[in-house]
Amino acid sequence: MRDHGGPPPLAIDAELTEEWLTGFLREEMTRRGFGKAVIGISGGVDSAVTAALAVRALGASNVIGVRLPYRTSSAESLDHAQLVIDALGIESRTLDISPAVDGYLANEPDADGGRRGNVMARVRMIALFDLSARYRALPLGTGNKTERLFGYFTWHADDSPPVNPIGDLYKTQVWELARHLQLPSIVITKAPTADLILGQTDESDLGISYPRADEILNGLLHGYSDEAMRARGISEEELAIVSRRLNGTHWKRRPPATALVSQSGIGESYLRPVDY
């Protein structure tokens, strides 16, 4: 039963959501003049859902899935990515990014895990955009709403693709849609990980579970105060974790700041209808 005293429910109509997002993809691809899509398939649920939606929107023959392992990447992630590729029946490529990443990091031997992970993420985007040119295929983004609100992505990497069908779905909603799309169960049930550092998981990085984070974010984004959220059973510690990440990462969700020296600044004064 819906709680009429609280935020809108997180539960989605999965069938309607699938229909809406496949229509969105067809429209955006047509508007940009592309008939094919290229997607980095990580072995996680977000890229799996994005690929499944692309297949339903464009057809399996028009979707290219790319596995982009680094030498320390989990073999399990690679296997799960192949499960998704096989289940969807799409063309695939596997490109080892280790030589490119190590070639750069040879000049930065003291780089910590965070820096190294950022280099991996950005090299993956170099590969996807190059393959975009090769196949005349538009790269699709795979970041969910929870990650975007938390800033839990590499700037100018994971967020680079120009079209993202799942960017307004919280992580728990992505899981719900994945079950509806009948994706491999292991991809849905395993612990989410960026797989940039050995043993890394999303929820250990964030310090809170996705279901709890989504509940809090959903309340805060609909105007519920900290006091109201505490009255709904949210602890001070949980609120602090979510608020700190939400409030500290606005810069990652905005375009680069440009100094205006005219009355026709791109993105400020010069806005065509499609730029809004």
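Buried means under 20% relative accessible area, exposed means over 50%, and partly exposed lies in between (1.4 Å probe, protein chains only). This is a predicted model: local features need pLDDT of at least 70, side-chain atom pairs count only at pLDDT 80 or more, and totals for chains, interfaces and linings use all residues. Residues are numbered from 1 along each chain as its sequence is written, and side-chain values use heavy atoms, with hydrogens and water left out.

**Helix H4 and its cover**

Helices (H or I, at least four residues) and strands (E, at least two) are DSSP runs, numbered from the N terminus. Helix H4 spans residues 98–105, and its residues Ser98, Val101 and Leu105 are buried. Seen down the axis of H4, the buried residues fall within an arc of 75°, so they line one face of the helix. That arc is taken from the directions from the helix axis to the C-beta atoms. An α-helix has 3.6 residues a turn, so residues three or four places apart point the same way.

What covers this face? Helix H5 (113–135) is included in the cover over the buried residues of H4. Contact here means heavy atoms within 4.5 Å. From H4, Ala100, Val101, Asp102, Tyr104 and Leu105 meet Arg116, Val119, Met120 and Val123 of H5.

**Two helix pairs**

Two packed helices are described by the angle between their axes and the distance between the axes. Axes are lines fitted to C-alpha atoms, for helices over the stretch in contact, and angles run from 0 to 180 degrees between N-to-C directions. Angles under 35 degrees count as roughly parallel, over 145 as roughly antiparallel, 65 to 115 as roughly perpendicular and the rest as oblique.

The axes of H4 and H5 come within 10 Å and cross at roughly 135°. H4 and H5 are therefore oblique to each other. H4 passes H5 in a right-handed crossing. A crossing is right-handed if the near helix is turned clockwise from the far one by less than a right angle, and left-handed if anticlockwise.

The second pair is helix H7 (residues 171–180) and helix H10 (residues 210–221), whose axes come within 8 Å and cross at roughly 120°. H7 is oblique to H10. Lys171, Thr172 and Trp175 of H7 meet Tyr210, Pro211 and Asp214 of H10.

**The sheet**

Two strands pair if DSSP finds at least two bridges between them. Four strands form an open sheet in the order E3-E2-E1-E4, with parallel pairing. Strand E3 (91–94) and strand E4 (137–139) stand at the edges, each with a single partner strand, so one side of each is left without a neighbour in the sheet. Neighbouring strands of this sheet are turned by 25° against each other on average, direction ignored.

Strand E1 (residues 36–40) is joined to E4 by three bridges, and the two run parallel. Ala37 has Leu138 in E4 as its bridge partner. Helix H2 (residues 45–58) packs on the sheet, touching E1 and strand E2 (63–67), and the direction of H2 makes about 170° with that of E1.

E1 and E2 pair in the parallel sense over four bridges. Gly40 stands opposite Val66 in E2. Five of the five residues of E2 are buried, so E2 is largely enclosed by the rest of the structure. Both faces of E2 are covered, with Val63, Gly65 and Arg67 buried on one side and Ile64 and Val66 on the other. In a regular strand the side chains alternate between the two faces of the sheet.

**Single residues**

| Residue | Relative accessible area | Class |
|---|---|---|
| His80 | 7% | buried |
| Ser132 | 10% | buried |
| His156 | 43% | partly exposed |
| Gln182 | 71% | exposed |

His80 sits in helix H3 (residues 75–88). Not counting residues up to four places away in sequence, His80 touches Gly43, Ile186, Val187 and Lys190. Ser132 belongs to helix H5. With the exclusion of residues up to four places away in sequence, Ser132 touches Val38, Ala137, Leu138 and Pro139.

Where are His156 and Gln182? His156 is in the loop between helix H6 (145–150) and H7, and Gln182 lies in the loop between H7 and helix H8 (185–189). Most residues other than glycine have a negative phi, and most peptide bonds are trans. His156 has a positive phi of about 60° although it is not a glycine. Gln182 has a positive phi of about 60° and is not a glycine either.
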